[in-house]
Amino acid sequence: NKNKRSLSTLTWTDCLDRINAHNNKVNAFVSVQDKSVLESDATQLGKGGPLKDMPIAIKDNFCTSALPTTCGSAMLKDFVSPYNATVVDLLHQAGAKLVGKTNMDEFGMGSANIFSNSGPVSNPWNYKANHTALDDASQIRVAGGSSGGSAAAVAMDMCAVALGSDTGGSVRLPAAYCGVVGYKPSYGQVSRNGLVAYANSLDTVGLLGHSVSDIASVYNVLSHHDEKDPTSMPADLRTRILDQEQDLASQWQDTKGGDLSGLRVGIPNEYYVQELSTEVLDTWRSGIKSLRDRGASIVPVSLPHTEYALPAYYIIALAEASSNLARFDGVRYGHRSDKGSSTDLIYADTRSEGFGSEVQRRILLGTHVLTAGTYESHFLPAQQARRLIMDDYNKVFLMKNDLGDDNKPSTATDQKVHVLLSPSSISTAPTLQKCLPDRSKDNSEGVVEAYVNDVMTVPASLAGLPAITLPFGRSPTNGYPIGLQLVSQYGYDRFLLDISDRIM
Ligand code: GLN
């Protein structure tokens, strides 16, 4: 499989050359590290480290002291962090070369990477052989969001692996649209210290790459307890799950290569949504068939509360965002309006000037769901739905949720599974034209309609589960990539990566 090629041949100097040559059309990077800095001893610490000289790109919502951290926002246009995110320090220490910061939807809010102060990211497949897209601007497709810059950077070989953040699908969705692997670890596996918060209870640090093994080698460097992140998974829980994973892995020790016998793969009925395009459905079917052909048992399963995931997500995420983004007030960080004459006006003008339309819409919605009355009618039911969604998953997985579920015996063991297989997106990458809000009319309806693109990815986010997009084919009609998603039980990240590696 060509996706499995090793990128050991891709050097950081190749990457800088490719960024210089192609970034003007793809717009994946918002800042690029100087060659001289990368040459110098910035990574001296990591000499001989496990990621020695690996070219890695960082989404622009991870704090870096060497390059600005804009979060795709005018609010932080000139912001340089005084410190590095924990993951950035870990990459440095392991010897990686951090080639630059990647474009994103403002503060991570979006699915198409069109809401960036640095402009949209263009899908690399717009430029690949057999495409006529370039000649016809209306056919230009988006890279997906919000980690669109990271996905495009990988697809363009501008880095070997890229860091993204995934709150509700922001790594898995652009990975599917750009034909790369995109992995969201379990909540709490990788430190969020220094990742600018969108929705704390959902935010995770994700990874994008061409191969699962490249991603796994970076994940091994990043996955540690961090006392600077109060939600970081404690060391004893990590050890406990690792033991269970090793037991599980021993079942496959003797099976070779792509043989999947013994693996139980669940197909969730509720993911056959009306919005699913035929080509994605066909890819899902052929994915199921290929796993069955390789010995996996295919088990239809039901996750009955899936339909509540999208509304629950957009209530919880926006409520948390409205609180998180209160810190951008013109006093402590970034942009400050020079119009206002009173403190209140400085706050108001700063926020009107600094935040884009989508971020403002979400802050308003998030504030609304937290007000008296709406809190009871929207916010609390959303939290209840989240609990039901977690219970749905716990009922279908063979492995126990170590965060303490009682694994109600309502599902017979022969109905339970190790992983779930679904699409990652409802369609291939949409065109830029389709995604851009129509400025000639009030288009908030269209913008809200766009939230449906996240329907495949938000359930696993609400439950904090590990999930990965694997490229599974290309559309026979437009040639753009299609990805499928594997989800596993909370904490079983290494197991999921191992199975994914066998599958690719
Ligand atoms: N598209 C989703 C949203 O806009 C997910 C974003 C993300 O995962 N950061 O909230």
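This is a predicted model: local features need pLDDT of at least 70, side-chain atom pairs count only at pLDDT 80 or more; totals for chains, interfaces and linings use all residues.

Colleague: Which residue of β11 is the bridge partner of Gly 473?

Modeller: Strand β10 covers residues 467-474, and strand β11 covers residues 481-488. The two run antiparallel and are joined over seven bridges. In the bridge that involves Gly 473, the partner in β11 is Ile 482.

Colleague: Which strands are the edge strands of the open sheet?

Modeller: The open sheet has 11 strands with mixed pairing, in the order β1-β3-β2-β4-β6-β5-β10-β11-β9-β7-β8. From one strand to the next the twist averages 30 degrees. An edge strand pairs on one side only, and here the two that do so are β1 (29-32) and β8 (297-301).

Colleague: At about what angle to β4 does helix α4 run?

Modeller: Helix α4, which is made of residues 148-155, lies across several strands, including β1, β2 and β3. Strand β4 (161-166) is also among the strands that the helix lies across. Relative to β4, the helix runs at about 155 degrees.

Colleague: At which residues does UniProt place the feature "active site", and why can we say that they gather at one spot?

Modeller: The positions come from an unreviewed UniProt entry. They span 112 residues in sequence, yet no two of their C-alpha atoms are more than 11.0 Å apart, so they gather at one spot. The residues named in the entry are Lys 59, Ser 146 and Ser 170.

Colleague: Is Ser 146 buried or exposed?

Modeller: Ser 146 sits in the loop between β3 and α4, and among its contacts beyond four places in sequence are Met 104, Asn 113 and Ser 170. A residue counts as buried if 20 or more other C-beta atoms lie within 10 Å of its own. Ser 146 has 35 other C-beta atoms within 10 Å, and it is therefore buried.

Colleague: How many other C-beta atoms lie within 10 Å of Ser 170?

Modeller: Ser 170 belongs to the loop between β4 and α5 (172-178). Apart from residues up to four places away in sequence, Ser 170 touches several residues, including Gly 108, Ser 146 and Gly 164. Ser 170 is buried, and the number of other C-beta atoms within 10 Å is 36.

How values were computed
Residues are numbered from 1 along each chain as its sequence is written. Two strands pair if DSSP finds at least two bridges between them. Helices (H or I, at least four residues) and strands (E, at least two) are DSSP runs, numbered from the N terminus. Axes are lines fitted to C-alpha atoms, for helices over the stretch in contact, and angles run from 0 to 180 degrees between N-to-C directions. Two residues are in contact if their C-beta atoms, placed from the backbone, lie within 7 Å. UniProt positions are given in the numbering used here, feature names are shortened, and annotations may be inferred rather than shown by experiment. A residue is buried if 20 or more other C-beta atoms lie within 10 Å of its own, exposed if 12 or fewer, and partly exposed in between; C-beta atoms are placed from the backbone.
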